[in-house]
Amino acid sequence: MKLDRHTVRRWSACFIAGFLIIAGASLTQRSQSTLRPAADPLPQDSYVQVFFNQSAASVYTEPYRGTQRYGDNLEQVLLETIESATQSIDIAVQEFNLPHLAQALTAKARSGVEIRLILENQYSQPWSQTTPGSDTYARSKYENLLAFADQDGDGQLSAAEALAHDALLILQAARLPLLDDTADGSKGSGLMHHKFMVVDGRWVLTGSANWTVSGIHGDALVPESRGNANALLRIESPELARLYTDEFNLMWGDGPGGQPDSRFGSPKPLRPAQRIALPGSAVTVQFSPNRANTPFAQTVNGLIAATLAQTQHTADLALFVFSEQTIANAIATRHQAGAQVRA
């Protein structure tokens, strides 16, 4: 996604299940804490709002650990948008374990709002129904989740505790329609890394954050943790919402229990980059992955490289993993031409 420079005062880059170049400013509800913002917030665009869970410009109190900390409350931004829904909510997110969001979705479904959810298959089972096994990562994750939900501290998880804190169990109990990337008849693509929500065909919320306690707030067993560094965008645009809904429908097919007509991973058709006009700016969006034989210039990485090749002055990149040599070459060329590059 590309925002024209005159609409923003600061650039930040994030690549997630597609291409985003995002403009950033941090605004969220301020908690009544002893902490005070250590920086002034940048102004938000009227149609593209950006939030960071690790930001010195805002302060909030975490809803689960009660920790006062710096950052935007990304979960609260999601909650407020869910609560504003009157017609429909489509969610495609790799992992989801935030119970307050699950409870909000359940309430909306009871009020008549149509809700659809897509998860990655490794994270589509209620965690209270799993066993940690011998895998170190799985055991650590299970222990963190147990510490989060074991409210009476007896070292065990009661049915009531699970139903109050296991987000997927809450959704399951409410019978909300949900499928994962095995709905195409495969064992799962391993590529369902989307993190987006479309509300009422008007709002798109997307970014780097999974809908998890550890991803947004921090680990239950590590009091000093503040979650992974993540960004969240809230964009008002019916045209952009339509593109995200088209992507969602491609994965949804005819829904849970139907034919294996869902599309995940490389079997998806090529979705070319599309430009959407906003008041005072423009957005270009393209979804990944692409088929193996797609010409590089038509791929998401090709769009990223072409955008970076236009750099005149500065390019700032904040990434989890970076291994595409052609993109590195584009950055190096602009650096050699005098542009400042920070990664």
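User: Ground rules before we start?
Analyst: It's a predicted model, where local features need pLDDT of at least 70 and side-chain atom pairs count only at pLDDT 80 or more, while totals for chains, interfaces and linings use all residues. Residues are numbered from 1 along each chain as its sequence is written, and side-chain values use heavy atoms, with hydrogens and water left out.

User: Ok, is R334 buried or exposed?
Analyst: R334 is buried (under 20% relative accessible area). There's no salt bridge (a side-chain nitrogen of Lys or Arg within 4 Å of a carboxyl oxygen of Asp or Glu).

User: Where's the nearest side chain of opposite charge, then?
Analyst: That's D316, 14 Å away; Asp and Glu count as negative, Lys and Arg as positive, with His and the chain ends not counted.

User: What backbone oxygen lies 2.8 Å from a polar atom of the R334 side chain?
Analyst: The one of T311.

User: Switching topic: why is β11 largely enclosed?
Analyst: Six of the six residues of strand β11 (residues 231-236) are buried, so the rest of the structure largely encloses it. Strands here are DSSP runs of E, at least two residues, numbered from the N terminus.

User: Which residues sit on each side?
Analyst: A231, L233 and I235 on one side, with L232, R234 and E236 on the other.

Note on methods
Buried means under 20% relative accessible area, exposed over 50%, partly exposed in between (1.4 Å probe, protein chains only). A polar contact is a pair of N or O atoms within 3.5 Å; within protein, one must be able to donate a hydrogen and the other to accept it, and residues adjacent in sequence count only if both atoms are side-chain atoms. Helices (H or I, at least four residues) and strands (E, at least two) are DSSP runs, numbered from the N terminus.
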